[in-house]
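The following report describes a two-chain complex for a reader who works with coordinates. The sequence and the structure are shown first.

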Amino acid sequence: MPDLRLIARLDIKAPNLIKGVHLEGLRKIGNPAEYARRYYEAGIDEIIYMDIVATLYQRNNLGDILRDTTESVFIPITAGGGVRTLRDVETMMRCGADKVAINTAAVKRPQFIEEVATRFGSQCCVLSVEAKQSGASRWEAYTDNGREHTGLDVVEWVRRAAGLGAGEVLLTSVDREGTRKGFDVALTRAVAEAVSIPVIASGGMGSGEHLIEIVRDGHADAVAMADVLHYDRMPLAEIRELAAGAGLPVRSL
Amino acid sequence: MSREVVIVDYGVGNLRSVARAVSHCGAEPVLSSEPARIEGARHLILPGVGAFGSCVGALRSHGLLESVLKVIDSGRPVLGICVGMQMLLDVGEEFGEHAGLARIAGRVRAVPATGADGMPHKIPHVGWSAIRPAAMPWADTIFEGITPGSTCYFVHSFAAVPERPENTIAVCDYDGRTICAAINRGRLYGVQFHPEKSGPVGLRIFGNFLKMPVD
């Protein structure tokens, strides 16, 4: 397999980088592009920007942040939050995004996934799923930062979206998000076993052990980190070394 | 030496990142969909994202296919990126057979669906993979000074299969399958990965390309 991707996830309430717990209780952290630049220089493999108030305000405010970021960051960037039309996708790409993450618009109209994949390619279409455990080995997909039910079973929904052309899935455990208690291994594994597209595990990383566990046992192809990086709890170099020491294939810098 | 680089703009892909990488390397990127501007390019970059057939079709419908061929055939430095690289071959097999620009002999085929062990692996091949030299050493090429084993960012489901070994200048490994990562003939280069998204290694490749003499 290609190297495990270590991804910095930056949740945005424009113009700020913010961080919450369970996607709620947001705290302001700083200038997003500056953080992205810092992570790029430290050797992060990708950046994800999520405008977490976009759906609420019916528009996405990532354009300026993306333009600013791509001035000096030369790695793949995913933009998500409030992406609902092909024109939104095009705008994000023009501002420098390589992929878009889609949640609400896909839930409302799954064909949107197919339209994005046909027009821009599957490689640019990331399905974003906010998952909450609803029973033993069952998870329900949510929208609006884990507030709105969809009634969709996560594993079935991802399988369907992959069939429609989604190229990757960004799988956020709302239960674990911001808790630093570790990723939801069972959730990630259930999804990774159901589809052949890459799975990005998001939500809950608090230590290097969590990273190793989600790849070995959860079969994640990529790991999104937020809290652990934004609050500088662990230097990226140390995370990379720990992963390499555990035999995980990480990019050599 | 002119520091102007023309990037072919035929309506596909994230050209902003390619342009930013070029200016980061000290050259001036010019996005153009004008035949005359493209034909006058001293260094030309041909990007490409999406399906093989639709990229060749878009290049043709923008009236730019002949212009690109003229620059290639003049022997000036040309760099194809991703599908822009794949188009340099004879034929693409994505969604039926489509004729390419036929400047490097060979075909563009689906990435093998299994690893060398016969187990299915993920398609597309997405992520950072290590590149290494193939037919010839990297000195005096766009890979000059790059350490073999350096990683670049790939995202593709199809890959070039050049007929002649000497046209493959770099390869990567995907679960035991050797995949063509870069092609070369004279000053014509193509890279399957995205140098504009491959960090300092990718920027070095752009820098080397921009230093190639025009005459």
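## Interface and confidence

In this predicted model, 24 residues of chain A are in contact with 28 residues of chain B, two residues being in contact if their C-beta atoms, placed from the backbone, lie within 7 Å. On the side of chain A that touches chain B, the residues divide into 8 nonpolar, 8 polar and 8 charged; Ala, Val, Leu, Ile, Met, Phe, Trp, Tyr, Cys and Pro count as nonpolar, Asp, Glu, Lys and Arg as charged, and the others, Gly among them, as polar. The predictor assigns the complex an ipTM of 0.91 and a pTM of 0.93.

Residues are numbered from 1 along each chain as its sequence is written, while chains are lettered from A and ligands numbered from 1 in the order in which they are written. Because the model is predicted, local features need pLDDT of at least 70 and side-chain atom pairs count only at pLDDT 80 or more, whereas totals for chains, interfaces and linings use all residues.

The predictor's confidence in each residue is the pLDDT, from 0 to 100. Its mean is 93 for chain A, where 98% of the residues reach 70 or more, and 94 for chain B, where 99% of the residues score at least 70. Within chain A, confidence is lowest in helix α2 (residues 54-57), at a mean of 68, and highest in strand β11 (residues 199-202), at 98. Where pLDDT is low, the predicted coordinates should not be read in detail.

## Chain B: overall form

Chain B holds 6 helices and 13 strands; helices (H or I, at least four residues) and strands (E, at least two) are DSSP runs, numbered from the N terminus. The radius of gyration of chain B is 16 Å, close to the 17 Å that the globule rule gives for 215 residues, so chain B is as compact as a globular protein of that length. This radius is taken over C-alpha atoms, and the globule rule is 2.2 Å times the number of residues to the power 0.38. Along the principal axes, the C-alpha trace of chain B spans about 50 × 40 × 30 Å.

Buried residues account for 54% of the 215 residues in chain B. A residue is buried if 20 or more other C-beta atoms lie within 10 Å of its own, exposed if 12 or fewer, and partly exposed in between, with C-beta atoms placed from the backbone. Of the contacts in chain B between residues at least 6 apart in sequence, 68% join residues at least 24 apart.

## Strand pairing

Two strands pair if DSSP finds at least two bridges between them.

In chain A, the hairpin of β2(A) and β3(A) has 2 residues between the strands, and A:His22 takes a positive phi near 55 degrees.

In α3(B) (residues 52-61), the buried residues are B:Phe52, B:Ser54, B:Cys55, B:Val56 and B:Leu59. They pack against several elements of chain B, including α4, β5, β7 and β10. After α3(B) comes B:Gly63, whose phi is positive, near 70 degrees.

In α4(A) (residues 86-94), A:Val89, A:Met92 and A:Met93 are buried. They cover an arc of only 100 degrees around the axis, which puts them on the same side of α4(A); the arc is that of the directions from the helix axis to the C-beta atoms. The buried residues of α4(A) pack against α3, β5, β6 and α6 of chain A. Just after α4(A), A:Gly96 has a positive phi of about 120 degrees.

B:Thr168 lies in strand β11 (residues 168-174) of chain B. B:Thr168 is buried, with 23 other C-beta atoms within 10 Å. Not counting residues up to four places away in sequence, B:Thr168 touches B:Ala134, B:Ala135, B:Pro162, B:Cys180 and B:Ile183.
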